[in-house]
Amino acid sequence: MAKLQIGWREWVGLPGLGVDAVKAKVDTGARTSAIHAFGIQPFEIDGAEWVRFQVHPRQRSRLPTITCEAPVHDRRLIRSSNGLQQSRIVVKTSLEMGGTSWPIELSLASRDELGFRMLIGRQGLRKKVLIDPARSYVTGKRSIPRPS
């Protein structure tokens with residue numbers, strides 16, 4: 001199977017979380033993918049740990065707000081780009097890009113001050129894509145509905 005060609009930033013969907021479109025930065029220096037999440041609330045369903053959280057898929061905007069729920073896949077110490085380690089909840093969901101989808105692990109992090117609401121790390125890209133760092137939005141554009 002041919003690998004999907006992508007640029008250094010792409011529009012992606014997270015259908016398992018109800019996120020149709022979010023602009024993501026491709027970062028091969030990061031191991032785990034991350035999404036800007038807030039209002040993180042762990043809870044239980046039939047003895048299994050779940051998490052409820054909210055995301056703002058639009059860069060530099062607090063609207064719209066999407067509430068997501070997912071089983072907790074793991075809790076990990078993750079080192080951020082500034083070198084600090086932080087314990088984060090990790091969920092497993094599907095990533096949709098360029099007409100294909102595959103499972104990824106996604107850490108929940110505060111990325112409010114960062115340029116991209118989502119970061120796709122190398123584990124989420126392994127054996128699936130070829131990256132052209134000179135290009136953007138190779139897989140096409142998606143739109144986030146504007147709040148009314």
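Student: In this predicted model, where is Arg52 found, and why is Arg52 called partly exposed?

Tutor: Arg52 is found in strand 6. Its relative accessible area is 28%, and since the label "buried" is kept for values under 20% and "exposed" for values over 50%, Arg52 falls in between and is therefore called partly exposed.

Student: Which residues is Arg52 in contact with, once its neighbours within four places in sequence are left aside?

Tutor: Arg52 is then in contact with Gly39, Ile40, Gln41, Phe43, Thr67, Cys68 and Glu69. For Cys68, which is 16 residues away from Arg52 along the chain, the C-alpha atoms of the two residues are separated by 5.7 Å.

Student: What makes the pair of Glu69 and Arg52 a salt bridge?

Tutor: The N to O distance between the two side chains is 2.7 Å, and a salt bridge asks for a side-chain nitrogen of Lys or Arg within 4 Å of a carboxyl oxygen of Asp or Glu, so the pair qualifies. Glu69, with a relative accessible area of 37%, is partly exposed.

Student: Why is the link between the side chains of Arg52 and Glu69 also called a polar contact?

Tutor: The side chains come to 2.7 Å, and because a polar contact needs N or O atoms within 3.5 Å, that value lies inside the limit.

Student: How many salt bridges are there by this rule, and how do you know that Arg75 and Glu49 form one?

Tutor: The count comes to four salt bridges. For Arg75 and Glu49, the side chains meet at 2.4 Å, N to O, and as the cut-off is 4 Å, the pair is therefore counted. Arg75 is in strand 7 and Glu49 in strand 6, so the pair links distant parts of the chain, 26 residues apart.

Student: Are Arg75 and Glu49 buried, exposed or partly exposed, and what makes them so?

Tutor: Arg75 has a relative accessible area of 42%, while Glu49 has a relative accessibility of 33%. Buried would need a value under 20% and exposed a value over 50%, so both Arg75 and Glu49 count as partly exposed.

Student: Why is Arg76 called buried, and where does Arg76 lie?

Tutor: Arg76 lies in strand 7. The relative accessibility of Arg76 is 17%, and because buried means under 20%, Arg76 is called buried. Asp74, by contrast, has a relative accessibility of 30% and counts as partly exposed.

Student: What makes Asp74, Arg76 and Glu105 a network?

Tutor: These three residues are linked in a network of salt bridges. Leaving aside its neighbours within four places in sequence, Arg76 is in contact with several residues, among them Arg31, Thr32, Gln86 and Glu105.

Student: Which residues have the most contacts inside the largest nonpolar core, and which elements give two or more residues to this core?

Tutor: The largest nonpolar core has 30 residues, and those with the most contacts inside it are Leu95 and Met118. The elements that give two or more residues to this core include strand 1 (4–7), strand 2 (9–14), strand 8 (85–97) and strand 10 (118–121). Leaving aside neighbours within four places in sequence, Leu95 is in contact with residues including Val12, Leu14, Trp102, Ile104, Met118 and Ile120. In soluble globular proteins, nonpolar side chains tend to be buried together.

Student: How many helices and strands does the protein chain have, and what makes the chain as compact as a globular protein of its length?

Tutor: The secondary structure comes to zero helices and eleven strands. The radius of gyration of the protein chain is 15 Å, close to the 15 Å that the globule rule gives for 148 residues, so the chain is as compact as a globular protein of that length. Of the 148 residues, 41% count as buried. Among contacts between residues at least 6 apart in sequence, 59% join residues at least 24 apart.

Definitions and conventions: Residues are numbered from 1 along each chain as its sequence is written. This is a predicted model: local features need pLDDT of at least 70, side-chain atom pairs count only at pLDDT 80 or more; totals for chains, interfaces and linings use all residues. Side-chain values use heavy atoms; hydrogens and water are left out. A nonpolar core is a set of buried Ala, Val, Leu, Ile, Met, Phe, Trp, Tyr and Cys residues joined through side-chain atoms within 4.5 Å. Buried means under 20% relative accessible area, exposed over 50%, partly exposed in between (1.4 Å probe, protein chains only). Helices (H or I, at least four residues) and strands (E, at least two) are DSSP runs, numbered from the N terminus. Contact means heavy atoms within 4.5 Å. The radius of gyration is taken over C-alpha atoms; the globule rule is 2.2 Å times the number of residues to the power 0.38. A polar contact is a pair of N or O atoms within 3.5 Å; within protein, one must be able to donate a hydrogen and the other to accept it, and residues adjacent in sequence count only if both atoms are side-chain atoms.
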